[in-house]
Amino acid sequence: NNRPTFTSADGRFSASLGGQFQYDIGGYLRDAPGNPNNRGVRDLDSFGQNLRRGRLLFGFRYDDFTFNITPDFGGSPDGSPTLYEANFNWNPIRPLTLTLGYFKPWVTLQDSMSSNDFLFLERPSIVEIARNIAAGDGRSSLGGRWAANRWFASAYLTGANYGGNSTAQGIPDQTGGVARIAGRPYADPDIDVHLGLSGNYAFDIRRTSTGQTLQLRDRAELRIDQSRLIDTGSLPADHAYAWGPEFGLRWRNFLLQGEYIHIGVEQARAGAAPRPDLGFEGGYVEGSWVLTGEPRLYTSSAAAFARPKPAHPFSLAEGGWGAWEVMARYSVADLNDKVRRGQAQATTGGVFGGRQEVVGLGLSWYPNNLLRFMLNWDIVNVDRLNPAGTTQIGQRFHTLALRTQLAF
Amino acid sequence: NNRPTFTSADGRFSASLGGQFQYDIGGYLRDAPGNPNNRGVRDLDSFGQNLRRGRLLFGFRYDDFTFNITPDFGGSPDGSPTLYEANFNWNPIRPLTLTLGYFKPWVTLQDSMSSNDFLFLERPSIVEIARNIAAGDGRSSLGGRWAANRWFASAYLTGANYGGNSTAQGIPDQTGGVARIAGRPYADPDIDVHLGLSGNYAFDIRRTSTGQTLQLRDRAELRIDQSRLIDTGSLPADHAYAWGPEFGLRWRNFLLQGEYIHIGVEQARAGAAPRPDLGFEGGYVEGSWVLTGEPRLYTSSAAAFARPKPAHPFSLAEGGWGAWEVMARYSVADLNDKVRRGQAQATTGGVFGGRQEVVGLGLSWYPNNLLRFMLNWDIVNVDRLNPAGTTQIGQRFHTLALRTQLAF
Amino acid sequence: NNRPTFTSADGRFSASLGGQFQYDIGGYLRDAPGNPNNRGVRDLDSFGQNLRRGRLLFGFRYDDFTFNITPDFGGSPDGSPTLYEANFNWNPIRPLTLTLGYFKPWVTLQDSMSSNDFLFLERPSIVEIARNIAAGDGRSSLGGRWAANRWFASAYLTGANYGGNSTAQGIPDQTGGVARIAGRPYADPDIDVHLGLSGNYAFDIRRTSTGQTLQLRDRAELRIDQSRLIDTGSLPADHAYAWGPEFGLRWRNFLLQGEYIHIGVEQARAGAAPRPDLGFEGGYVEGSWVLTGEPRLYTSSAAAFARPKPAHPFSLAEGGWGAWEVMARYSVADLNDKVRRGQAQATTGGVFGGRQEVVGLGLSWYPNNLLRFMLNWDIVNVDRLNPAGTTQIGQRFHTLALRTQLAF
């Protein structure tokens with residue numbers, strides 16, 4: 001990569017500095033008269049901006065040991081500097097990396113992609129919801145990864161997220177685990193077939209003064225506005241898990257990939273109220289066509305596909321135009337379970353969390369290896385009833401957003 | 001400059017690190033028996049300290065593209081790390097810089113000076129108030145600057161400040177704009193004549209649950225204590241703007257500069273209450289005499305004057321004493337409008353925001369190009385009536401403060 | 001040290017980057033049936049993790065001037081990035097360093113050790129409580145240190161901590177002072193005898209709207225859980241101080257060191273309530289035996305002992321095992337004064353702050369100069385009565401924790 005790197009005279013110690021800047025501008029467009037459902041629900045930001053990621057990556061290596069610390073000045077929303085990761089690693093042999101500290105442990109195909117390589121601005125909601133059970137950004141992790149050329153396996157014990165300690169007095173943190181296995185059963189210069197399976201499990205959800213609870217929710221695959229339109233509310237739960245299969249196929253400069261995810265929540269019993277186990281699900285399919293012909297190559301260390309590297313970087317002098325790509329996605333996340341229209345969720349112990357479908361189209365321009373401009377147009381349909389099961393509180397709208405990205 | 005810089009082997013990519021440290025010690029001195037007005041108003045900090053700016057400047061360049069990210073560990077008051085700027089720039093041709101991201105867009109002569117080059121510890125209150133309408137630090141910006149040797153022009157569309165998104169749910173962010181034009185109609189080695197005009201306009205102030213509001217206020221040109229003694233309170237306003245002319249004259253090692261600024265607030269109508277358009281104004285004149293003879297050279301890229309570079313850096317061995325400078329300033333900001341003594345502001349729809357005058361004297365020592373020690377003595381007079389128009393709530397006091405500055 | 005360092009071509013300016021990462025995993029073990037005292041007191045975290053320190057050390061030197069700025073992404077608990085220090089220094093002659101800014105001014109032997117060199121995970125509670133009166137991390141300081149080979153003296157005027165300004169409106173910050181004198185009356189290659197005396201004094205505690213108050217308290221020498229079990233509550237106090245003698249003895253690869261500390265609080269009078277002056281005390285003795293034979297060498301610049309440097313760094317190829325060390329400590333802090341069992345503290349004006357004893361055992365592994373793994377097992381006994389003096393609210397428990405440390 002292009003990171004400035006300092007190496008000591010004896011070559012044993014090195015330090016490098018990377019950067020990631022993703023700045024989003026956009027808004028939410030609602031067709032007020034056409035959709036009677038929109039009455040009574042709150043507005044979304046018609047125009048705004050957000051520094052989605054603003055990270056400085058400090059990396060240090062001494063022999064087989066590496067240490068990464070990455071402050072993040074962006075966020076959802078921006079405004080509060082935080083830590084993306086801080087972890088210590090040991091590579092005793094080449095394909096094996098042992099990791100301790102705040103880390104993003106490997107789970108799902110989408111979460112294994114670098115956020116610089118995404119086809120769309122945000123991960124599909126079902127992936128975002130699933131990974132935050134016992135994985136996700138800044139997760140306290142202890143475990144390892146084996147990344148060979150054709151196959152990949154990883155497993156970690158996990159605890160709280162960075163900042164999850166901030167209210168910790170007298171309560172055990174969450175304990176959980178996450179594992180992923182993936183590989184390329186077929187690979188040649190033109191074709192990569194990716195298959196995988198991953199999951200994460202919160203063995204014991206943090207105990208708070210109000211008991212153990214879990215809330216599943218997400219924003220509408222864009223973070224200019226921070227409203228979460230699908231949301232289970234706070235569920236009384238001892239344990240929860242998510243798992244699902246991964247699929248990817250690259251043929252030359254075309255990529256098609258998708259995942260199905262199932263989430264299970266074991267509700268805690270309390271009194272006579274019904275507390276059935278709940279199941280939620282979702283998935284996505286997305287495709288990319290790099291118009292200028294560059295492939296999205298497979299990254300073995302992540303078992304995921306990378307962004308294209310422009311063959312002819314943009315240059316007024318030399319006439320290069322960089323790489324151009326069109327993308328499309330269908331994504332669905334269903335947070336309804338054990339409920340029936342017209343019947344209050346309390347009577348069944350289920351939840352009207354809502355069902356969100358997003359159809360997205362995108363265009364990317366990669367002037368060179370460091371830069372990317374990414375335009376997304378999403379059509380969002382949220383179908384959600386109120387807890388009484390009587391009133392539609394979902395919405396339909398379009399979103400339009402441009403990301404400016406610089407990463408090295 | 002002196003920034004440590006890493007450059008890649010092919011010379012196309014470089015990274016540099018700068019720093020800015022400004023640490024203030026001082027206090028507010030009140031002559032209690034001499035001023036009956038001081039009864040009933042709150043005390044100011046008689047002695048304290050503040051890390052005014054504590055910034056690390058990370059800069060990256062790749063061909064014509066640059067990226068800046070600057071965490072700030074100081075503030076007003078210090079204690080909460082934040083982001084000063086994070087922006088992406090393109091220089092397609094030499095005098096033109098296009099910018100996107102969190103930035104300090106160019107407005108007023110004073111705000112165009114680097115905070116390392118100030119004649120006084122803080123900007124004049126009227127400049128501080130004016131720039132924060134739709135410009136100022138960490139402002140979401142999209143636009144460009146043309147900076148030639150003899151003239152300068154810039155214009156940006158602007159949105160929220162960094163952190164302004166933190167409560168953004170369902171409300172459009174502010175949209176605004178800022179522009180500046182300036183130049184040197186006369187310039188020779190001994191003389192620089194600077195003239196300029198700039199302004200900023202909030203087209204549409206952020207809508208919150210309590211409507212669109214704007215608050216104009218400032219501290220007393222020192223930030224050991226964070227009390228704002230002139231303050232319009234929250235004004236219902238759709239739009240607001242500020243503009244004014246700039247003037248500067250350097251003759252050898254003397255500098256004289258000043259600005260007048262007018263602020264307009266278009267109040268929103270609500271019910272029968274009078275809501276006239278409001279106008280506020282202020283200005284300042286300040287001068288510098290570098291006793292040791294070094295000039296405050298003109299910086300074309302900013303269209304403003306820089307600090308002197310010591311001809312003989314301080315050295316016990318070589319007998320150098322660095323550069324020494326004396327400064328003086330008169331600054332006034334009047335936030336009263338459509339009000340009359342003895343009449344409540346509610347009856348006219350005006351506001352008793354207060355009028356602040358500051359007379360300041362200063363002494364600077366520049367041991368070398370990196371260091372500066374800066375002593376300020378200000379005489380402050382705040383004349384302000386309560387909203388009923390019956391009671392004086394202003395104060396008179398002196399301030400004395402020392403800044404220790406290290407910048408590269 | 002091993003810090004990546006950039007030096008300018010003329011050798012006058014240099015910049016370096018250091019790092020410190022301390023990640024703790026552990027918990028609190030209570031033997032519920034064995035200790036009837038534990039009824040009614042809150043639980044402690046049975047298992048958790050914390051990024052205790054996550055610092056990047058940016059250092060800059062220009063001729064005799066140095067500037068340090070150190071963001072910290074860890075904490076107690078982690079989750080809120082902050083600033084460890086930001087200070088400006090001048091070395092006019094070799095043993096003398098003058099310092100201005102946020103700094104950890106020298107006080108006590110334990111606080112003078114680097115946190116990388118500690119024998120146990122946390123400082124003894126009495127040291128932690130004493131240093132926070134007018135010294136400690138991120139303390140606004142102005143003063144100097146004289147560090148010769150055989151003796152050390154330092155004194156600083158001090159103000160607020162970093163972040164202490166955040167609520168400062170109209171109230172003078174604290175003013176205080178801190179001094180330390182120490183030396184090695186006997187030193188040869190096998191033996192170092194260290195003696196010292198230090199203290200800190202808050203001349204004038206910050207005035208708040210509820211008067212001047214001071215709270216003395218600490219966690220149980222482990223920061224997985226943030227509960228403070230010994231705590232005086234908020235004491236009305238104008239002044240407070242702490243002082244005590246230091247002792248250390250190294251013989252080859254053995255180290256024994258200890259301190260006694262006395263804390264005095266002059267309570268402010270108010271009405272008829274008794275407000276006697278209060279005195280608290282404590283101390284510790286700790287020892288280290290480096291099994292692999294490396295000494296804990298004396299650092300003259302800190303007048304304290306450093307961690308061992310492994311003679312044979314860990315290497316599977318070369319068969320080195322690094323350095324191994326066993327540690328032990330007894331620590332006591334008594335925050336009870338002017339109280340008697342069965343009598344409410346309000347009747348005497350004393351305080352039942354509690355008495356904490358900790359017996360600790362530890363094991364360290366230093367694979368190389370950058371890395372350290374440190375296991376602590378502590379037996380904690382807190383003996384504390386409620387303010388009425390009638391009920392035991394202390395607890396007895398064990399703690400077990402592992403620190404992973406990387407520092408350079």
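In the predicted model, C:Asn200 stands opposite C:Ala242 of strand E13(C). This pairing of residues belongs to the contact between E10(C) and strand E13 of chain C, residues 228-251, which run antiparallel to each other over 12 bridges. Strand E10 of chain C, residues 191-204, is also paired with strand E9 of chain C, residues 175-187, again in the antiparallel sense and over 11 bridges. Three residues separate E9(C) from E10(C), and the two strands form a hairpin.

The interfaces between chains were examined next. The extent of such an interface is often expressed as the accessible area that is lost when the parts come together. Between chain A and chain C, the buried area is about 3,000 Å², and carbon and sulfur atoms give 71% of this area. On the side of chain A that touches chain C, the elements giving two or more residues are strands E2 (13-29), E3 (48-62), E4 (65-72), E5 (82-90), E6 (96-103), E7 (139-147) and E8 (151-161) of chain A. The most is given by E5(A), with six residues. By class, the residues on this side of chain A comprise 22 nonpolar, 12 polar and one charged. In total, 35 residues of chain A are in contact with 37 residues of chain C. The count of salt bridges between chain A and chain C is zero, whereas seven residue pairs, both members at pLDDT 80 or more, are in polar contact between these chains.

For chain B and chain A, the contact takes 35 residues from chain B and 37 residues from chain A. The area buried between chain B and chain A is about 3,000 Å², with 71% given by carbon and sulfur atoms. At least two residues each of the side of chain B that touches chain A are supplied by strands E2 (13-29), E3 (48-62), E4 (65-72), E5 (82-90), E6 (96-103), E7 (139-147) and E8 (151-161) of chain B. E5(B) provides the largest share of that side, six residues. The side of chain B that touches chain A divides into 22 nonpolar, 12 polar and one charged residues.

Aromatic pairs were also counted, and the structure holds 75 of them over all chains. One of these pairs is stacked and consists of A:Phe254 and A:Trp289, with 5.5 Å centre to centre and 15 degrees between the planes. Because A:Phe254 lies in strand E14 of chain A, residues 254-267, and A:Trp289 in strand E15 of chain A, residues 278-290, the pair ties together parts that are 35 residues apart in sequence.

Several features of the backbone complete the description. A:Ser76 and A:Pro77 are joined by a cis peptide bond with omega of about 0 degrees, and A:Pro77 is placed in the loop between E4 and E5 of chain A. In chain B, the peptide bond from B:Ser76 to B:Pro77 is cis, with omega near -5 degrees; B:Pro77 lies in the loop between E4 and E5 of chain B. A:Arg252, although not a glycine, has a positive phi of about 50 degrees. The position of A:Arg252 is in the loop between strand E13 (228-251) and E14 of chain A.

Methods
Residues numbered from 1 in each chain as written. Chains lettered and ligands numbered in written order. Predicted model: local features only at pLDDT ≥ 70, side-chain atom pairs only at ≥ 80, totals over all residues. Heavy atoms only, no water. Pairing = 2+ DSSP bridges. Helix = DSSP H or I, 4+ residues; strand = E, 2+ residues; numbered from the N terminus. Contact = heavy atoms within 4.5 Å. Buried area = accessible area lost by both parts, 1.4 Å probe. Salt bridge = Lys/Arg side-chain N within 4 Å of Asp/Glu carboxyl O. Polar contact = N/O pair within 3.5 Å; in protein donor to acceptor, adjacent residues only side chain to side chain. Nonpolar A, V, L, I, M, F, W, Y, C, P; charged D, E, K, R; others polar. Phe/Tyr/Trp six-rings, centres within 6.5 Å; stacked < 30°, edge-to-face > 60°.
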